[in-house]
Amino acid sequence: MNHDRGQAGPAAQRLIEDIRSIIPAERLLEGEPMSKHTSFRIGGNAAALVICSNEEELAQVLKKCSSSDGAEYMMIGNGSNFLVSDSGYPGIMIRLGGDFDSVSAESDNGDGTVYVRAGAAKLLSGTSAFMTEHGLTGMEFASGIPGSVGGAVFMNAGAYGGEMKDIVTSVRLMKSDGSEIIELPAEEMDFSYRHSVVEDRGLIVLSALLRLTEDEPAEIAARVHDLQNRRNAKQPVNYPSAGSTFKRPVGGFAAALIDEAGLKGYRCGGAMVSEKHAGFVINTGGATAEDVLNVMRHVRDTVYSRSGIMLEPEVRLIGCEL
Ligand SMILES: Cc1cc2nc3c(=O)[nH]c(=O)nc-3n(C[C@H](O)[C@H](O)[C@H](O)COP(=O)(O)OP(=O)(O)OC[C@H]3O[C@@H](n4cnc5c(N)ncnc54)[C@H](O)[C@@H]3O)c2cc1C
């Protein structure tokens, strides 16, 4: 039966009432459609979406969430790697804004290396634009990834030979019960392909200290422009999606395996394997989460039976599974 997971159960309802004393009404959105907050433009309602604008608010909200009697909660960044079930999410989605949407140079040690502090809510595009403007190189690879700094650190996002781990010096994090703030050096972030310690320890990214090198702004801008052109030429940027649907398997590329299996254009309802880039499942209009899952299941099973390689989803599945 298709029950509305987004409808708050009694525990979530009590938690929402508690959060009302911390967060003003315009940033506590009850029954919020997740299709409005995900790049796939898909997903039922969350019981509530709460936007925290500073560390104090976030700590208070997390304390309420972690001491609640059974209500679920989770972080959402820019929603560009999310597939939320059609029946929604029965708990609290926490998003960062306000003070977290910031970027500034922190120190310049005189040898051409500059450290920049980027807040978790700052988009990679805006962070990269700041670097270009200030003549700082190292982050060009991330300029076209439509995520936030928080989501990119969580995922160790990467493209065109670069990954967040290459530029992160340390990360400021809050424990998931709001009790403590810690700053972990990059060596303790356990970064690997699309993974970091943030997931394992259920931590919240507050900001990241990034290490860049001085360079000519015009040259940086030219590299950003070149990567954007390459992205536009190869990826279905005009359709809603969550980027690469599956992780790169050991010893291969998901897109190549999907293409070789003849699956470009395979569709269920409004969801389709992109004709332009087999690694992307796109929403051609009105796709449901179930449509996307059905495409993913068929792709996974077909690739497995042809190659013996089991593709693993890169997109985060919320309230649903393959
Ligand atoms: C068109 C397109 C192209 C893409 N290209 C690339 C690419 O080239 N390379 C790449 O790596 N990815 C790519 N992606 C995927 C996506 O943009 C990245 O994974 C990105 O890092 C996700 O960031 P986000 O802010 O949207 O995170 P979300 O999708 O909102 O969240 C991702 C995960 O991070 C967690 N999270 C978010 N913020 C925080 C926080 N502050 N603290 C703790 N946890 C948090 C969430 O709970 C979730 O588990 C692409 C997506 C699209 C739509």
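In this predicted model, an N or O atom in the side chain of Arg231 is 2.9 Å from an oxygen atom of the ligand. Ser148 and Arg316 also bring polar side-chain atoms to ligand oxygen atoms, at 2.6 Å for Ser148 and 3.2 Å for Arg316. The ligand on its own exposes 970 Å², and 93% of that area is buried by the protein.

**Shell around the ligand**

- The ligand is surrounded by 34 residues, and the closest of them are Met75, Gly77, Ser80, Ser148 and Gly158.
- Sorted by class, the shell holds 18 nonpolar, 13 polar and three charged residues.
- Two or more shell residues come from each of β3 (73-75), α4 (149-155), β9 (158-159), β13 (204-214) and β14 (241-244).
- The element that gives the most is α4, with five residues in the shell.

**The four-stranded sheet**

- Four strands form an open sheet with mixed pairing, in the order β1-β2-β5-β3.
- β1 (28-33) and β3 are the edge strands and have a single partner strand each, so one side of each is left without a neighbour in the sheet.
- On average, neighbouring strands of this sheet are turned by 30° against each other, direction ignored.

**Pairing of β1 and β2**

- β1 and β2 (residues 45-52) run antiparallel and are joined by five bridges.
- Across this pair, Glu30 stands opposite Ala48 in β2.

Note on methods
Residues are numbered from 1 along each chain as its sequence is written. This is a predicted model: local features need pLDDT of at least 70, side-chain atom pairs count only at pLDDT 80 or more; totals for chains, interfaces and linings use all residues. Side-chain values use heavy atoms; hydrogens and water are left out. A residue is near a molecule or strand if one of its heavy atoms lies within 4 Å of it. A polar contact is a pair of N or O atoms within 3.5 Å; within protein, one must be able to donate a hydrogen and the other to accept it, and residues adjacent in sequence count only if both atoms are side-chain atoms. Accessible areas come from the Shrake-Rupley method with a 1.4 Å probe; for residues, only the protein chains shown count as cover. Ala, Val, Leu, Ile, Met, Phe, Trp, Tyr, Cys and Pro count as nonpolar, Asp, Glu, Lys and Arg as charged, and the others, Gly among them, as polar. Two strands pair if DSSP finds at least two bridges between them. Axes are lines fitted to C-alpha atoms, for helices over the stretch in contact, and angles run from 0 to 180 degrees between N-to-C directions.
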